[in-house]
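Hello,

Here is the structure I promised to hand over. Please open it first, then read my notes below.

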Amino acid sequence: MTITQDALTIQGLTIPLRIRKGNRRRVLMTFAGNVLQVETYTGSLSPLEFDFLKQNTDWILKHYKRQASSWNQQMRFVQHITNQTLIFGQMVKVEFVQGVNYSYHFKENLLTIQAPVVIAEVRKKKLISSVLHKIAHAYLTKTIQHWSQKTGLFFKDLKVKNHRSKWGSCSSLKNINLNWHLVMVDKSLAEYVVIHELMHLKEMNHSPAFWKAVAQFYPDYKKAKTQLGEMQWIIGIYE
Ligand SMILES: [Zn+2]
C-alpha cells in the first residue's frame, strides 16, 4: 500500500483519498461516492494511523469496489441524463420532438416527449422526470389494484410521490405512498414494494410474521431487498 496526499494505492488500485480533521481520537473511515474519507484528530496521518489503514486494506478494498461500481453506474447515467433514462429497469432512449402540445409516447426502447416549444437543455431533465412520474403513477396504480385484489388487503388512498430515501410507506390510516422512482427499476422489484406495503395493512412492523406474510406472495423477497438497495442511487437523480 502506498499513499499520497489525495490517493491510496492498494494492489494496483488507486483509490481517491480525502483526509479530514475529526473530533474523535480514533480514526474514522467512510466512503463518499468512490472517495475514501479518513477522519483523524489532527487532520493528517500519523505513522500509527497509516498502520491502521494498512491493517484495514480488506475493508477498504471491499467497500471501494462496491462503491465504485455504483458510482460508475451513476456517473454514466448522469452524463447522458437528457438522452436516455431507465424505465422498468431497461435503458430507454429519450427523444424530444416539437408538436401541438405537451405529450409523451413510450414504446419499446424509446421515450418520445413532445412539446409545443423547443426544449432548452436545462429544462430537459425536469421534463423527463415529470413524464416518468406520470408513467409511474399509471403503472403503480394498476399494480397495487391487482395485488390488493389478490391479497384481499385494501388500502384507503395511494400517493405516488417523490420520497427522498424510501421506496414506499404505509400509514396506520391505511394510506400507501410509493416512490415514483420505482418506475425505473425492474417491474418485479416494484411489485415487491407494492406487496411489502400492502402487507403492512395487516402487520404494521417488520416482525417474522410480517416477512412470512410477504413471502406468501413474494417468496424471493430477500433478493428483491438486496437489488433495491443496489438501485438506491437512482432516487433523486433528477434533482
Ligand atoms: Zn416496511
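Two strands pair if DSSP finds at least two bridges between them. Helices (H or I, at least four residues) and strands (E, at least two) are DSSP runs, numbered from the N terminus. This is a predicted model: local features need pLDDT of at least 70, side-chain atom pairs count only at pLDDT 80 or more, and totals for chains, interfaces and linings use all residues. Residues are numbered from 1 along each chain as its sequence is written.

Strand 10 pairs with strand 12 (residues 175–179) in the parallel sense, over 5 bridges. V160 has L178 in strand 12 as its bridge partner.

Contact means that the C-beta atoms of two residues, placed from the backbone, lie within 7 Å. Axes are lines fitted to C-alpha atoms, for helices over the stretch in contact, and angles run from 0 to 180 degrees between N-to-C directions.

Next, look at helix 4 with helix 5 (residues 208–217). Their axes come within 10 Å and cross at roughly 135°. The two helices are therefore oblique to each other (angles under 35 degrees count as roughly parallel, over 145 as roughly antiparallel, 65 to 115 as roughly perpendicular and the rest as oblique). On the helix 4 side, I195, H196 and M199 take part; they meet F210, A213, V214 and F217 in helix 5. By class, this contact has 6 nonpolar, 1 polar and no charged residues (Ala, Val, Leu, Ile, Met, Phe, Trp, Tyr, Cys and Pro count as nonpolar, Asp, Glu, Lys and Arg as charged, and the others, Gly among them, as polar).

Now go back along the chain. Strand 6 (residues 84–87) and strand 7 (residues 90–98) run antiparallel, joined by 4 bridges. They form a hairpin with 2 residues between them. F88 in the turn has a positive phi of about 50°. Strand 7 also pairs with strand 9 (residues 110–115), in the parallel sense over 6 bridges.

Best wishes
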